[in-house]
Structures are given as structure tokens and as C-alpha cells.
Amino acid sequence: MQKFKLWYHSLKARERLVVLGGGALVVLVALYTLGLAPFYRSINTTAERVVRKQGDLAWLQSVTPEIQVLGANAPPPVAASGESLVVLIDRAARECGLGESLTGQTPNGDSGIRVRLEGAAFDVLVTCLGNLERVHAVHIETAQFDRTAKPGLVNASLVFNRAAG
């Protein structure tokens with residue numbers, strides 16, 4: 001530090017002003033680069049997210065009446081049949097085209113069943129699960145999905161229970 005002071009004091013007045021101005025410029029650039037630029041970038045990113053979310057909200061509000069009409073026109077759930085969960089799940093899987101993927105069913109408590117599917121088409125499986133819930137009043141207690149090497153196919157471990165009531 002002492003060497004720097006000696007060097008600085010050895011400069012002419014005009015050279016000192018240039019060094020001070022350059023130092024001040026370096027400090028200002030460092031403050032902007034390290035402090036203000038990330039702050040402004042964060043503000044812009046947040047503003048873009050808000051605009052995107054407002055667009056999503058506007059779309060949701062525009063389709064709300066349509067969703068309400070569809071919900072009102074949906075068929076009521078069918079009363080639970082006397083069919084056992086084992087038979088119902090097996091039949092539903094075959095109707096959905098997942099019969100080949102159904103690899104195991106084991107009882108789970110008094111009113112539940114644990115089901116294993118391997119290599120099931122995810123989109124078909126989700127549709128089938130929705131039908132079980134809506135049409136047959138069967139609830140999903142737990143669900144675990146694992147990716148497979150083939151895109152769109154999953155291995156699934158599910159626990160179903162009959163809806164109470």
C-alpha cells in the first residue's frame with residue numbers, strides 16, 4: 001500500500017485526476033455489474049412472470065363458465081356395485097387397454113387393493129384412473145409412477161379404496 005501511495009504522490013496533478021477518475025469509473029462499473037444489473041434482471045423476470053400469470057388467470061376466468069356447464073352436465077357417479085375391487089380393477093384395466101400392463105394385485109386392508117402396472121401408457125392410465133374415480137367411486141389412496149426407458153410409458157404402483165358412503 002505504501003508503494004501505491006508513493007507512486008500516486010509522484011504523479012502530476014493532471015495524472016492524479018485521470019487516475020482518480022478511472023478509479024471512480026471502475027467502482028461505478030463494478031457496482032452496476034455486481035449489484036444493479038442482477039437486481040434489474042430479477043425485476044424484469046418477475047414482471048414477465050406476472051404478465052404470464054395474468055394471462056393464465058384471464059384464460060381461466062374466460063373458461064370458468066364452460067367448465068361449470070361441463071361439470072353440471074357430467075353424469076353422476078354410479079353407485080358402487082357389489083363387484084369386488086379385484087374384479088373391477090382387472091376389468092377396468094382391460095377395457096382401457098392396460099390389461100397387458102397389469103402385473104399384480106394384492107389386498108390392502110379390508111377395503112383396499114394394491115395394484116402394479118409395468119410399461120403402461122401414462123396418458124391412458126391417467127384417463128382410466130379418472131374413470132375409476134368418477135364412474136365406479138373408487139379412490140386412489142397412493143400412487144407412485146416410475147419412468148421407463150420408452151417415452152410415455154411408466155411403471156406404476158397404486159393403492160385403491162372404495163369410496164365411503
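A residue is called buried here if its relative accessible area is under 20%, exposed if over 50%, and partly exposed in between, with a 1.4 Å probe and protein chains only. The model is predicted, so local features need pLDDT of at least 70 and side-chain atom pairs count only at pLDDT 80 or more, while totals for chains, interfaces and linings use all residues. Residues are numbered from 1 along each chain as its sequence is written, and side-chain values use heavy atoms, with hydrogens and water left out.

The protein chain holds 4 helices and 4 strands; helices (H or I, at least four residues) and strands (E, at least two) are DSSP runs, numbered from the N terminus. Along the sequence these elements follow the order α-α-α-β-β-α-β-β. The radius of gyration of the protein chain is 33 Å, well over the 15 Å that the globule rule gives for 165 residues, so the chain is more spread out than a compact globule. That radius is taken over C-alpha atoms, and the globule rule is 2.2 Å times the number of residues to the power 0.38. Along the principal axes, the C-alpha atoms fill a box of roughly 100 × 40 × 30 Å. Of the 165 residues, 19% count as buried. The chain exposes about 12,100 Å², of which carbon and sulfur atoms supply 62%; accessible areas come from the Shrake-Rupley method with a 1.4 Å probe, and for residues only the protein chains shown count as cover. Among contacts (heavy atoms within 4.5 Å) with a separation of 6 or more, 52% are between residues 24 or more positions apart.

Strand E4 (residues 153–162) pairs with strand E3 (residues 138–147) in the antiparallel sense over 9 bridges; two strands pair if DSSP finds at least two bridges between them. In this pairing, Phe145 has Ala156 as its bridge partner in E4, and His139 has Asn161. The hairpin of E3 and E4 has 5 residues between the strands, and Gly152 takes a positive phi near 90° there. E4 also runs antiparallel to strand E2 (residues 112–121), joined to it by 8 bridges. Ala120 stands opposite Val154 of E4. E4 is mostly covered, with 7 of its 10 residues buried.

Asn155 is one of the residues of E4. The side chain of Asn155 reaches the backbone nitrogen of Gly119 at 2.9 Å. Leaving aside residues up to four places away in sequence, Asn155 touches Arg116, Leu117, Glu118, Gly119, Gln144, Phe145, Asp146 and Thr148.

The last feature is a covalent link. A disulfide is a covalent bond between the sulfur atoms of two cysteines. Taking a disulfide as a pair of cysteine sulfur atoms within 2.5 Å, the count comes to 1. The bond is formed by Cys96 and Cys128, with their sulfur atoms 2.5 Å apart. The pair links distant parts of the chain, 32 residues apart: Cys96 lies in helix H3 (residues 85–96) and Cys128 in helix H4 (residues 122–136). The link of Cys96 and Cys128 is right-handed, with 85° about the S-S bond. Is each of these cysteines buried or partly exposed? Cys96 is partly exposed because its relative accessible area is 25%, whereas Cys128 counts as buried because its relative accessibility is 5%.

How values were computed
A polar contact is a pair of N or O atoms within 3.5 Å; within protein, one must be able to donate a hydrogen and the other to accept it, and residues adjacent in sequence count only if both atoms are side-chain atoms.
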